[in-house]
Amino acid sequence: MSEQAIAAGPPAVSRARSRAGAGGAVLTGVYWATFLIVVAMVAIPVVALVYGSFRTSAPGLPGEWTLQNYAGLASSGVLSSMTTTLIIGLFTSVISIVVGTTIALIVHRTDFRYGNIVVALIGLSFYFPSFILAMAWIIVGAPGGIYNTIIDDVLGMSWLRADIYTSAGIVFVMSLHQVPFVYLTMRGPISGMDPIYEEAANTAGAKPHQVLLRVTLPLLGYSLISSFILTFVMTIEQFAIPALLGIPGQVTMLATQLYLLVRFTPTDYGLAAAIGVALSLITGAAIWAQRRITTAGRLTTVTGKAGRLKLIPLGRWRWAANLLCFGFIFLGLVMPMVILIYTSLLKWFTVNPLEGMYTLRNYIFIWESASTVRSFTNTLIVSGVGAAVGVTLGLLCCYFTLRLQPRGYRALDFVVSLPFGVPGVVLGLGLLWAYAYLPLPLYGTLTLMIIAFVTRFLPYATETIGGQMVQIDKSLEEAAWVNGATRAQGIWRILLPLVTPSVQGAYFLLFMAFFREISSAILIYSVHTAVISISIWSFFEQANWGLASALAVVATLIIFIAMALIMRLVPTARRG
Amino acid sequence: MSINVQNLVKRYGSLTVVHGISFDVGKGEFISLLGPSGCGKTTTLRCLAGLEDADGGVIQIDGRIVSAPEQDALVPAHQRQIGMVFQSYAIWPHMTVAGNVGFPLSIRGVPAADVAKQVDEALEIVGMRHLRERHPSQLSGGQQQRVALARAIVGRPRVLLFDEPLSNLDAKLREGTRIEIKRLQRELDVATVYVTHDQEEALSMSDRVVVMEHGRITQAGTPKELYRRPANRFVADFVGRASFIDVERGKGNGWSTPSGIALQLDDTGAPEAARYQAMLRPESVEIMPGANGRSEDGINVLEGRVLESHYLGAYTEYLVDASGTRVKVHSRSDFDIGDTVTLRFPQEFCRLVALADEARA
């Protein structure tokens, strides 16, 4: 984003003038308030985490300075989970990139017949929470789960047995979770690519598959690498899937190891913090590389003239395209939902639907239990209020870093983008350390939950809003000033109405992200501040599959309904 | 015939953009498709290239049917052996100059050594050989244009297609490239279809020009025919500058303006129409000071007053009001606004044109 700011920034002379013109004490006040809030939100957990990584004791207890935690990073246990993390990350990213990009190519470049329905369902599966997906696949793929029971008892082919509690299982479920992300990031470059490059290859005598291999994919290279790195980052910082699948099978990734060190005896908060620092450095470096690549590699291939391109006929490969697209949707969305609904309706879990004793008691329990009702209310408060806070902060940050550019705006821009590199569970640990010392009674409150979520997802808001703001020519505001508007009126009457679509989009994005967030909440929730994701998690950990499934079904339905409503009310939210 | 187009139809959904047009391009002939934007010229070219599937009619290249949708025959673009230059050049940014130019050969499995040789030849022709290892981002617009040209000719195509190739160049460069394309085309002796909205380009480069409007051919002919004898007001207006005088059939076989001034017109072979106008090219009108002279046989004379004057360096364009009709005149003499002048123009340069249907104009 800083590069964008530099590129979009006016030359020095006019900037000096606009700063002088900013004059308004109110605007200056708002700027410094925003600056302080954002810096505090981001810096406090990061500093606390680094502090903790050099301490011998748990947060809040007397201890000494030490380097022992970093020495612990070289222990065989941590090294092996580091290796596991990187391997699982690489495999997942490669599979997701291949499948996601292929689906995007099929949907947007061939005469595939069901594009609309596939796009809609992949959009849904993008919002399908990772921990709910993992739960459904445990019910299917655990050693005593549906798949293995059918293999053993019905088919009698025990050589086909599979175990989801393995590295391969984690890669499989994580890929299912990441494919929609890859699809969504590759869709823009693929459908926005100027078709002329492919047409030129076509007239030069290249057959459709040669065009694909020699022109289309190389031109998408930077987008592919960028999407690959982001997928890798999201995979190695994933918490829910490796925790649910890896802990029973003793496959430990860095994020799960950090969680285990904090939540289970023998605890070691210092080592956990050091792991958090290490993990953040890896993700941070990867994101830095991704930024460099995307700014360096902006080939002028995207024009907006798309749509004239002739679609590639699938011909005799149509069955394969159908199989891939609908196979993914079945495995990643439809089957998990069906399994969860089935499980939620059973009194006792059984693989054979004919033997099942069906009941609605799980749903009735959700309705009647004070704790689940409270977790619903908590979630709605955190998502609704939190998203509003996040969008407001994001809008202010964008205005200051992209438009007003007062002193220190580059620092603000940098700080805002930092949380991108901090995994959720690491952020939670940082907050745990911080609020053990800070004299603020925030621990165990919903406010802390909101702070955690807003910090983690603030870059989503600034990216969404900033992306639109840089495209709005500054002269539109200047014209308003020339015609007698003050700076504030210029913002209110011109800029705000023009960025409204992205503000709505950002609110939607944050609401959805908060609603299904678990990794940054798992270390800081208390009984009173549990959100839905935490409740589902707890029920599942207590092996109460029925209740966890029922709650997951309700939560998923709420997400889908909210999505449908917002898509209808705010057509532009689709961009988000 | 190198290219033969019969009744070409192209629709986008319910919108028909090309209404059954037909034309030929002979071997080595240079044809321009000329018209305003949205007239269907680019769509026609893309149907020739195979980048768009036609909805009707037959296209033959070198006697081979490449597009006949009614017979379910559509040869894909990569099998049509064409060379094409795109408006924005479409130089692949991830390949070097040599990679771009060699693509049409290597994709057809030509051995690497031959590719290198032919690439060098093609680059030599466009004067770009010294830049063969450059990347497109290091090239100027004019250089990219040359690379595109080299890429179009390297595979010895049976036809060359140009889609407004000069519209992204500045005026000076455009003129030079125009001459170069023409020279190249003559040397290669290859049938060429050139799409443009610039009448100057079309007139100066083409053996024949096909003027299109609303997906139909309005007139096809040599540049001279189009300029001297446009079929209707649209062509006259689009090709070159012109003034128009309303005329109707007067006594006997002659023509006269609504105010009754008789005019001697070139009306040979003029199409039937409900209304007519006389077209005058500004450079074929002679302008003289004062009110003098009368019409002679074969020469029209009108008296008028100078309304406007625009100095353009090589000449001045005057707008003269001659008894209610306004005539543009190019002259190197000086007149002041309000001066009384006499206009003289021979019959052969005063062409009768049909007024196109007003519904469509």
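Okay, let's start in chain A, with Gln290(A), which sits in helix α15, residues 269-296. Helices here are DSSP runs of H or I with at least four residues, strands are runs of E with at least two, and both are numbered from the N terminus. Before I go on: this is a predicted model, so local features need pLDDT of at least 70 and side-chain atom pairs count only at pLDDT 80 or more, while totals for chains, interfaces and linings use all residues. Residues are numbered from 1 along each chain as its sequence is written, chains are lettered from A and ligands numbered from 1 in the order written, and side-chain values use heavy atoms, with hydrogens and water left out.

Back to that glutamine. Is Gln290(A) buried or exposed? Its relative accessibility is 8%, so Gln290(A) counts as buried. The cut-offs are under 20% relative accessible area for buried and over 50% for exposed, with partly exposed in between, using a 1.4 Å probe and protein chains only. And what does Gln290(A) touch, leaving aside residues up to four places away in sequence? The contacts are Ser226(A), Ile229(A) and Leu230(A), where contact means heavy atoms within 4.5 Å.

Staying in chain A, look at the loop between α14 (254-263) and α15, where you find Pro266(A).

Now the surface of chain A. Phe91(A) lies in helix α5, residues 76-109, and at 53% relative accessibility Phe91(A) counts as exposed. Together with Ile87(A) and Ile95(A), Phe91(A) makes a nonpolar surface patch of about 280 Å² accessible area. Patch members have over 30% relative accessible area and no salt bridge; like charges are joined within 9 Å, and nonpolar side chains (Val, Leu, Ile, Met, Phe, Trp, Tyr) within 5 Å. The areas are Shrake-Rupley values with a 1.4 Å probe, and for residues only the protein chains shown count as cover.

On to the rings. Over all chains there are 38 aromatic pairs. One of them is Phe234(B) with Phe238(B), which is stacked, at 5.8 Å centre to centre and 20 degrees between the planes. For the rules: rings of Phe, Tyr and Trp (its six-membered ring) pair with centres within 6.5 Å, and planes under 30 degrees apart are stacked, over 60 edge-to-face, the rest tilted. These two phenylalanines share helix α8 of chain B, residues 233-238, and sit four residues apart, about one turn. Phe234(B) is buried at 15% relative accessible area.

Then there's Trp255(B) with Tyr276(B): the centres are 5.3 Å apart and the planes are at 75 degrees, so we call this pair edge-to-face. Trp255(B) is in strand β13 (255-256) and Tyr276(B) in strand β15 (276-280) of chain B, so the pair ties together parts 21 residues apart in sequence. Both Trp255(B) and Tyr276(B) are buried. Over in chain A, ring pairs join Tyr31(A), Trp32(A), Phe35(A), Tyr399(A) and Phe400(A) into a cluster.

Some rings have an arginine over the face. Arg151(B) does this to Trp92(B), at 4.3 Å from the ring centre, and Arg361(A) to Trp348(A), at 5.9 Å. The test is NZ of Lys or CZ of Arg within 6 Å of the ring centre and within 35 degrees of the ring normal.

Which residues are in the salt-bridge network in chain B? They are Asp120(B), Glu124(B), Arg129(B), Arg132(B) and Glu133(B). A salt bridge here is a side-chain nitrogen of Lys or Arg within 4 Å of a carboxyl oxygen of Asp or Glu. Arg129(B) bridges to Asp120(B) at 3.6 Å and to Glu124(B) at 3.2 Å. Asp120(B) counts as buried at 17%, whereas Arg129(B) is partly exposed at 40%, and so is Glu124(B) at 46%. Across the whole structure the search finds 26 salt bridges.

Last stop, two backbone spots in chain B. Gln81(B), in the loop between β6 (73-74) and β7 (82-85), has a positive phi near 55 degrees. Arg156(B), in the loop between α4 (141-154) and β8 (159-163), has phi near 50 degrees, again positive. Gln81(B) is partly exposed at 39%, and Arg156(B) is exposed at 56%.
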